[in-house]
Amino acid sequence: RAHEAGDWHTAIRVYEESISYQRDVAAARRGLALVYLETDQRSDGLRLLERAYELEPTLAVRVFDDRILACQRLGRVLEDAQRNADRQRTGRAYLAVAVLRQAAGDRHGARHSIGEAARFGLNSRVVDAWYRALGR
């Protein structure tokens, strides 16, 4: 709820507590990563997001709830993530775009972004899990 409301301080605390108490660690890392992306802590967000999917590649079938990122925020964060990925050209940067496109309901765009992530070195287990979730 804190993430949904844009209460970054509380959202960070809740996600960090979930991680420390070993409650759905990968999903909590993904949530925390998205808070970091929303608050312009891009490098930390990208690192955590990649780590979340490395720990639990099947997160690819558990779509991030788009209600948490209100439509206006989701669009802004997605545009920023896409610009960043096109500039950085790294697997983790394109993974962020895929996660956000999937949350926005854009399976085709998510699939394309995962293809780019694979091309730029994203862990093959993560890529395979995404292709299973999205179809080739």
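Guide: Start with the largest cavity, where helix 5 gives the most to the lining, with 4 residues. This is a predicted model: local features need pLDDT of at least 70, and side-chain atom pairs count only at pLDDT 80 or more, while totals for chains, interfaces and linings use all residues. Residues are numbered from 1 along each chain as its sequence is written, and side-chain values use heavy atoms, without hydrogens and water.

Visitor: Which elements give two or more residues to the lining of the largest cavity?

Guide: Residues lining that cavity are Leu-37, Arg-42, Leu-46, Val-77, Asp-80, Ala-81, Asn-84, Ala-93 and Ala-96. Helix 4 (42–55), helix 5 (71–88) and helix 6 (91–103) each give two or more. Helices here are DSSP runs (H or I, at least four residues), numbered from the N terminus.

Visitor: How are two packed helices described?

Guide: By the angle between their axes and the distance between the axes. Axes are lines fitted to C-alpha atoms, for helices over the stretch in contact, and angles run from 0 to 180 degrees between N-to-C directions. Helix 7 (residues 107–119) and helix 8 (residues 124–134) pack at about 160°, with axes 10 Å apart. Helix 7 is therefore roughly antiparallel to helix 8; that term covers angles over 145 degrees.

Visitor: Which residues in helix 7 and helix 8 meet?

Guide: From helix 7 come Arg-107, Ala-110, Arg-111, Ile-114, Gly-115 and Ala-118. From helix 8 come Val-127, Trp-130, Tyr-131, Ala-133 and Leu-134. Contact means heavy atoms within 4.5 Å.

Key: Angles under 35 degrees count as roughly parallel, over 145 as roughly antiparallel, 65 to 115 as roughly perpendicular and the rest as oblique. On a 1 Å grid over the protein atoms alone, a cavity is a set of points where a 1.4 Å probe fits but cannot get out, and a pocket is an open set with protein on both sides within 12 Å along at least five of seven lines; lining residues have an atom within 4 Å of a point.
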